[in-house]
Amino acid sequence: MRFGMSLPRVRSWSAWTARLLASLGGWALALSLASCLMGPDYRRPEVAVPERWDALMLDGAEMPSPALREDETPSAEWWTVFQDEELTRLVELALQNNHDVREAGYRVLEARALVTAAGAGLYPQLNVAGSYSRIRRSETILVGPTSGAPEGFAPPGANFDIWNALLDLRWELDLWGKIRRSLEAAEAEAEAVAIDRRGVLLSLIGDVGQTYFRLRELDDVIDITRRHMRLREDSLALLRAQAKAGLIDDLDLRRAEQLVAETAAQLPELERRRALEAHRLAVLTGTMPNALELESRPLRAHLVQPVVPMGVPAQLLERRPDIIQVERSLVAANARIGEARAYFFPSVAITGTGGFQTSEFQDWFNWASRSMSIGPSVTVPIFEGYTNVARLEVAEARYRQMLERYHQTILTAVREVSDLLTALQTRTAQLEQVRARVRAAQAARELAELRYRKGLVTYLDVIDAQRTVLTAEQALVQVERARLEELVALFKAIGGGWDAADRTGLAEDYDIHETGEAEKRPSVQNRDDKR
């Protein structure tokens, strides 16, 4: 149902138009100020989380607690706590060149554009239209011209032209908050997309760190294997000399040759696995496989035990990208409820056209050819096949879905942190036992070699002792690598390091540009220097 009005011609046409526009603008402003927002305002759901991280760890004196600090949160460049310059270089290279990060950056730009489009309805829509028509009126018509017909008062059988140049105006007054709720939802969805990019960055840094430590683990294992192979080759050379002199039988010699071949056979597989990790690291940093030069460095050069600034458990709600992303989606779903409710109320708009209209081209833009129609229109929804009811039910159902997802995401986040804290506890105890195992295996090897030289045991005992040492040293490296990987995963589980008020990237040190790239900003000191 629509109601409208058109304006008669008066002598002071321009003055009357100005007064009318001023009056309509004043009414529009007053109605906008007095308008209301449909739907509930968002309130964060209440969630019960542990007060301290100690509640998520194992009890017992035999389980040492990892080094944590709850009075601090990680810095933006949290990976620097591992004190590895090469790791820092690889992370920064990945942040600049990784294509997943760039794709996420373009998604942020897309979401920002959608916010602009969602808010466009708050402003008047103005269009220009020009047209020309050649018209002939029927000679047999029995009625007068209908309203709005271009024939005007032309007689039957007349031929004439119509030249139009008009401005078309439409301004919908957001009395019930339909547009503003839509804009609120679009802004929340854009923040969710920006937080998703934050999650991509955090996952990328975690993948780079874990892949790097696996590569260094293989460097260490390869170094240990080669060292043992050299020792066994030296033993084999000695045994060959003794066999040539008839001091030992061929059985010990063949056992020694078997041990050397067994150790040498491990190296190709270790080299293959290292190449795969190097390829993965190259792709993460945005380069082709084999294009990234990574010299061999043992994992023992990275055996650091950083103190993890955890913050308190409640800060997970402000730091974990997945939690914040779901919450922003929950805000958007809540706003969509208000938008859906606004469809039940009348829609008020100011519409109008104005310009020049004539049947003679030479008079097209003469002042006497001006025409105008302007006024308010009201559309009242009466029956639309339950469309508005269904729209509201859909919005409310989606809100409930997002609410359940929000609670589940928090539970999953707390579980992941709890799992990693437990793993670090048990890993610390495991490290002590594995180190003791290495020391015992080395002592047993020395004793077996000494007793073999005295003829008290066979060479088979020496072989078993050497195998035990190699296995124990490789196991120690594996446990050390697992501990470092779990530290990286813990930083990732608590949300990394960033400012919770920043919704676009990696704290204030990284920003998104029109290219979609993550580029490191200058430090505060550097910015001050540039000023």
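Reply: Happy to. For residue classes, Ala, Val, Leu, Ile, Met, Phe, Trp, Tyr, Cys and Pro count as nonpolar, Asp, Glu, Lys and Arg as charged, and the others, Gly among them, as polar. On that scheme the lining of the largest cavity has seven nonpolar, one polar and three charged residues. This is a predicted model, where local features need pLDDT of at least 70 and side-chain atom pairs count only at pLDDT 80 or more, while totals for chains, interfaces and linings use all residues. Residues are numbered from 1 along each chain, and side-chain values use heavy atoms, without hydrogens and water.

Me: What makes a space a cavity?

Reply: On a 1 Å grid over the protein atoms alone, a cavity is a set of points where a 1.4 Å probe fits but cannot get out, and lining residues have an atom within 4 Å of a point. Two cavities reach 30 Å³ or more. The largest holds about 70 Å³, and its lining includes Trp-176 and Phe-345.

Me: Which residues line the second largest cavity?

Reply: Among them are Trp-78, Phe-82, Ile-205 and Val-488. This lining has seven nonpolar, one polar and no charged residues.

Me: Why is α4 called roughly antiparallel to α7?

Reply: α4 (residues 178-244) and α7 (residues 321-342) pack at about 165°, with axes 8 Å apart. Angles over 145 degrees count as roughly antiparallel (under 35 roughly parallel, 65 to 115 roughly perpendicular, the rest oblique), so α4 is roughly antiparallel to α7. Their contact comprises twelve nonpolar, five polar and ten charged residues.

Notes: Axes are lines fitted to C-alpha atoms, for helices over the stretch in contact, and angles run from 0 to 180 degrees between N-to-C directions. Helices (H or I, at least four residues) and strands (E, at least two) are DSSP runs, numbered from the N terminus. On a 1 Å grid over the protein atoms alone, a cavity is a set of points where a 1.4 Å probe fits but cannot get out, and a pocket is an open set with protein on both sides within 12 Å along at least five of seven lines; lining residues have an atom within 4 Å of a point. Grid points are joined across faces, edges and corners, and a volume is the space filled by probe spheres set on the points.
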